[in-house]
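Biologist: Could you walk me through this model before I start looking at it in detail?

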Amino acid sequence: MLKELFFVLPSKWVVHTPLHFIILSKVYTLIEDQYLIRLLFCIISISLPFLFYLCLKTNYPDENKNNLLTLASLTFLFPSFRSGAIWANDHITALFFFLLFLIFFLKWNKGSNFQALTGNTYLQLIFLALAVYTRQYYVLIYIYCMYVYFKKFSLFNFLKLSLIVFILAIPGFFLIFFDPILLKVTFN
């Protein structure tokens, strides 16, 4: 459907934000073979444990790297990871964006210069926004981040950051306005 019509409300099929499906539809226009797309997605999914390892290494720099690599490799044992990688599931795409956000956030949080907004800060916001537009559950992380930013930045820089977050949220406001079911989170 996205191949022919770009603006389609996702709640007809799933109750998730549509970025993952938009990305897949654009890749499908290039490849046009669902099995090849699944194989490509599966190969890309293999990078997730490595990204998780980078997060662990950033957060625990004094820990033995072999222990961190072993812990990150345990990701391959999770059935949800394996099935999501094989079936090109949106939670894998969201996790990919979230881990990229987390790498930049952890590096920034370990630093000591919180006076200016840097490229790292902007990358954090962009990757977290991409995670939210893939799976809306990650919006809760924004609340935590805004709290951390409020505590670490000056009021002026926090307001600049808030403006950027608002600009990144505008497509989400349109999604919610036209498809309010996206606000509903159900657990069956």
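**Burial, core and rings**

Modeller: Of the 188 residues in the protein chain, 37% are buried, and please keep in mind that this is a predicted model.

Biologist: How many helices and strands does the secondary structure come to?

Modeller: The protein chain has nine helices and zero strands. Among its contacts with a separation of 6 or more, 66% are between residues 24 or more positions apart.

Biologist: Which residues of the largest nonpolar core touch the most other members?

Modeller: That core has 38 residues, and the ones touching the most other members are Phe101, Phe105, Trp108, Leu128, Tyr138, Tyr142 and Tyr149. Two or more residues each come from helix H3 (47-59), helix H6 (90-110), helix H7 (119-132), helix H8 (139-152) and helix H9 (155-178), and H6 gives the most, with eleven residues.

Biologist: What does tyrosine 142 touch?

Modeller: Leaving aside residues up to four places away in sequence, tyrosine 142 touches Leu125, Leu128, Ala129, Val132, Val165 and Leu168.

Biologist: Switching to H2, which residues are buried there?

Modeller: Ile37, Phe41 and Ser45 are the buried residues in H2. They lie on the same side of H2, because they cover an arc of only 75° around the axis.

Biologist: And what do the buried residues of H2 pack against?

Modeller: They pack against helix H1 (19-31), H3, helix H5 (79-86) and H6, whereas the face of H2 turned away from the buried side carries the exposed residues Tyr35 and Ile43. As for its length, H2 (residues 34-45) has twelve residues and reaches 16 Å from first C-alpha to last, close to the 16 Å expected at 1.5 Å a residue.

Biologist: What about the aromatics, how many pairs does the count come to?

Modeller: The count comes to 15 aromatic pairs. One of them joins phenylalanine 76 and phenylalanine 81 edge-to-face, at 5.8 Å centre to centre with 70° between the planes. Phenylalanine 76 is partly exposed at 34% relative accessibility, whereas phenylalanine 81, at 6%, counts as buried.

Biologist: Why is the pair of tyrosine 149 and phenylalanine 153 tilted?

Modeller: Their ring centres are 5.9 Å apart and their planes are at 45°, so the pair counts as tilted, since edge-to-face needs planes over 60 degrees apart and stacked needs them under 30. Tyrosine 149 is buried at 0% relative accessibility, and phenylalanine 153 is buried with a relative accessible area of 6%.

Biologist: Which residues form one aromatic cluster?

Modeller: Phe98, Phe101, Phe105, Trp108, Tyr138, Tyr144, Tyr149 and Phe153 form one such cluster.

Technical notes. Residues numbered from 1 in each chain as written. Predicted model: local features only at pLDDT ≥ 70, side-chain atom pairs only at ≥ 80, totals over all residues. Heavy atoms only, no water. Core = buried A, V, L, I, M, F, W, Y, C linked by side-chain atoms within 4.5 Å. Buried < 20%, exposed > 50% of the residue type's maximum accessible area, 1.4 Å probe, protein only. Helix = DSSP H or I, 4+ residues; strand = E, 2+ residues; numbered from the N terminus. Contact = heavy atoms within 4.5 Å. Expected span 1.5 Å × (residues − 1). Arc of directions from axis to C-beta. Phe/Tyr/Trp six-rings, centres within 6.5 Å; stacked < 30°, edge-to-face > 60°.
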